[in-house]
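Open the model in your viewer and keep the selection tool at hand. We will go from one stop to the next, and at each one there is something to pick out.

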Amino acid sequence: MRNIKQVLLVALGVMLFASCASEQKDEQSGSLPEFEKLTFKTPSDSNFNINIVYQHIVNTAESDIFAAIEESNLELTLPREESDVEADANFEERAEALLQTIIDDGFDAYDLDLVQTAFLTRNNATLCYATSCYTYMGGAHGYGTLHYTCYDLASGQMYDFRYLNEGEWDTELRMLIYNKLREVYSESEVFITPDKIYVPESVLLTDVGLLLTYQPYEIAPYSTGIVQVELTDEDIAATGAPLLWVAEAE
């Protein structure tokens with residue numbers, strides 16, 4: 001129950017950010033991305049319960065950076081290779097193709113609930129997406145994930161925090177993550193050891209640090225659910241690891 005509450009709190013914060021992101025103005029760089037919620041949903045009488053909510057940047061004509069982020073986000077959310085569509089296929093075309101792929105794969109029933117929100121952090125310098133995805137294809141239970149991607153609005157580059165897994169700070173950083181986990185989770189809830197812990201693929205750049213998000217089964221049993229731990233900038237800097245997101249903002 002504790003982990004479910006944590007995820008709900010994070011999701012609530014994401015929704016609050018998303019509701020005001022399009023109204024915010026960056027004093028340094030001018031306009032900010034504006035969003036339109038695009039949806040795809042199968043009829044209620046269908047054997048396939050598909051619900052997709054996608055955050056589309058509407059003002060891509062104003063900025064090559066916005067256009068590049070939009071292209072990247074669409075590809076990450078609905079990859080063309082999974083449904084065999086053209087590279088320039090739009091949201092609707094990709095969603096329709098995904099449904100057809102599910103049908104062609106022979107599923108009698110299929111549940112997919114994919115909901116995305118978008119919001120700004122770091123004084124409007126970073127655009128982040130939170131994509132919550134739940135799938136059920138039969139069996140004892142479905143599978144839910146929460147994936148974050150963050151983009152530097154000055155360059156359009158997506159942040160890749162995997163560099164934190166390398167370098168002379170590695171051992172100290174692993175212990176930092178492990179100790180933070182142990183403040184919240186017991187050894188029965190999270191079975192990872194200090195020498196095996198790592199920075200996951202899903203990382204949210206918050207206003208104060210990084211929120212590491214591990215999917216079910218990644219470092220814990222399914223019953224634990226999504227595992228999250230927050231590291232402040234100060235926590236990370238104390239290990240000797242460089243804070244690239246801070247250096248770029250200076």
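The stops below cover a sheet, a serine, some salt bridges and the nonpolar cores.

Before you start, note that this is a predicted model, where local features need pLDDT of at least 70 and side-chain atom pairs count only at pLDDT 80 or more, while totals for chains, interfaces and linings use all residues. Residues are numbered from 1 along each chain as its sequence is written, and side-chain values use heavy atoms, with hydrogens and water left out.

**Stop 1**

Select 202-205, 209-214 and 227-232, which are β6, β7 and β8. Strands here are DSSP runs of E with at least two residues, helices are runs of H or I with at least four, and both are numbered from the N terminus. The 3 strands make an open, antiparallel sheet in the order β6-β7-β8; strands pair if DSSP finds at least two bridges between them. β6 and β8 are the edge strands, each pairing on one side only. From one strand to the next, the twist averages 20 degrees.

Now zoom in on β7 and β8, which are joined by 6 bridges.

**Stop 2: Ser202**

Go back to β6 and click on Ser202. Is Ser202 buried or exposed? At 1% relative accessibility, Ser202 counts as buried (buried is under 20% relative accessible area, exposed over 50%, partly exposed in between, with a 1.4 Å probe and protein chains only). Show what surrounds Ser202: leaving out residues up to four places away in sequence, its contacts include Leu146, His147, Tyr148 and Leu211 (contact means heavy atoms within 4.5 Å). A polar atom of the Ser202 side chain is 3.0 Å from the backbone nitrogen of Tyr148.

**Stop 3: salt bridges**

There are 6 salt bridges in the structure, each a side-chain nitrogen of Lys or Arg within 4 Å of a carboxyl oxygen of Asp or Glu. Select Arg94 and Glu75, whose side chains meet at 2.9 Å, N to O. This pair links distant parts of the chain, with Arg94 in helix α4 (residues 91-104) and Glu75 in helix α2 (residues 64-77), 19 residues apart. Arg94 is buried at 2%, and Glu75 is partly exposed at 22%.

Then pick Arg174 and Asp170, which form a salt bridge at 2.9 Å. Both lie in helix α5, 4 residues apart, about one turn of the helix.

**Stop 4: the nonpolar cores**

In soluble globular proteins, nonpolar side chains tend to be buried together. A nonpolar core here is a set of buried Ala, Val, Leu, Ile, Met, Phe, Trp, Tyr and Cys residues joined through side-chain atoms within 4.5 Å. The largest has 37 residues, and Phe161, Leu164, Ile177, Leu181, Leu210, Leu212 and Trp245 touch the most other members. The elements giving two or more residues to this core are β4 (126-136), β5 (143-152), α5, β6, β7 and β8.

Finish by selecting Tyr54, Leu74, Leu78 and Phe91, which are among the members of a second, separate core of 16 residues.

Key: Axes fitted to C-alpha atoms, helices over the stretch in contact; angles between N-to-C directions. Polar contact = N/O pair within 3.5 Å; in protein donor to acceptor, adjacent residues only side chain to side chain.
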